[in-house]
Amino acid sequence: MNEAELNAGLPATPQYRYADRLDDRLFVAGQVPLDFHGHLVGPEDPSAQALQCLRNLERLLAVHGFQVADIRQLVVYVVGNQASLSAAWSAVADWFGGRVPPATLLGVAGLGYVGQLVEIDTTIIKA
């Protein structure tokens, strides 16, 4: 993580790199639902967690000179049943105003943080 990412409100994460830029591409780590203080947002709420992941992604994009329009693909990982997947997807669709980039929604058995239900991975290429 770098100073600009920290100043943008992304949580400090030891041994974790948020992104690397290579020309018109931004390679990002999966975005997780942690707030600036490193606290999990929306325990047991996949919708709230999806929104926090997207907020963190938007901050990260801005730090590196990219915009939401540069998101070319999403992969949304969700722990839980079909209702959890639907709730997370609804939050993603709302956030993008119904114009979601090509995306994959996956149900998974677990994610990296205790209580984490959602993680969002992206492909970013400058428009």
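**First stop: N56 and its partners**

Start by selecting N56 and R59: the side chain of N56 makes a polar contact with the side chain of R59, at 3.1 Å. Keep in mind as you click around that this is a predicted model.

Now colour helix 2, which covers residues 46–63, and you'll find N56 in it. Is N56 buried or exposed? Its relative accessible area is 2%, under the 20% cut-off, so N56 counts as buried.

The side chain of N56 reaches the backbone oxygen of V32 at 2.9 Å. Then show L10, Q31 and L34 too: along with V32, these are what N56 is in contact with once you leave aside its neighbours within four places in sequence.

**Second stop: a pair of rings**

How many does a search of the whole structure find? The search turns up one. Select W95 and F96 to see the rings, with centres 4.9 Å apart and planes at 80°. An angle over 60 degrees counts as edge-to-face, so that is the name for the pair W95 and F96.

W95 is partly exposed, with 24% relative accessible area, while F96 is buried at 11%.

Select F66 and K126 together. What sits over the ring of F66? Look for the charged end of K126, 4.7 Å from the centre of that ring.

Switch to a cartoon view and colour strand 5, residues 118–125. Strand 2 (residues 25–28) pairs with strand 5 in the antiparallel sense, over two bridges. Strand 3, made of residues 71–79, also pairs with strand 5 in the antiparallel sense, this time over seven bridges.

Now click on I124 in strand 5. L26 has I124 as its bridge partner, and I71 stands opposite I124 too.

**Last stop: the salt bridge**

The structure holds one salt bridge. Which residue forms a salt bridge with D20? Select R17: the closest N and O atoms of D20 and R17 are 2.2 Å apart.

Bring the surface back for a final look. D20 is partly exposed, at 36% relative accessibility, whereas R17, at 55%, counts as exposed.

Methods: Residues numbered from 1 in each chain as written. Predicted model: local features only at pLDDT ≥ 70, side-chain atom pairs only at ≥ 80, totals over all residues. Heavy atoms only, no water. Helix = DSSP H or I, 4+ residues; strand = E, 2+ residues; numbered from the N terminus. Buried < 20%, exposed > 50% of the residue type's maximum accessible area, 1.4 Å probe, protein only. Polar contact = N/O pair within 3.5 Å; in protein donor to acceptor, adjacent residues only side chain to side chain. Contact = heavy atoms within 4.5 Å. Phe/Tyr/Trp six-rings, centres within 6.5 Å; stacked < 30°, edge-to-face > 60°. Lys NZ or Arg CZ within 6 Å of the ring centre and 35° of its normal. Pairing = 2+ DSSP bridges. Salt bridge = Lys/Arg side-chain N within 4 Å of Asp/Glu carboxyl O.
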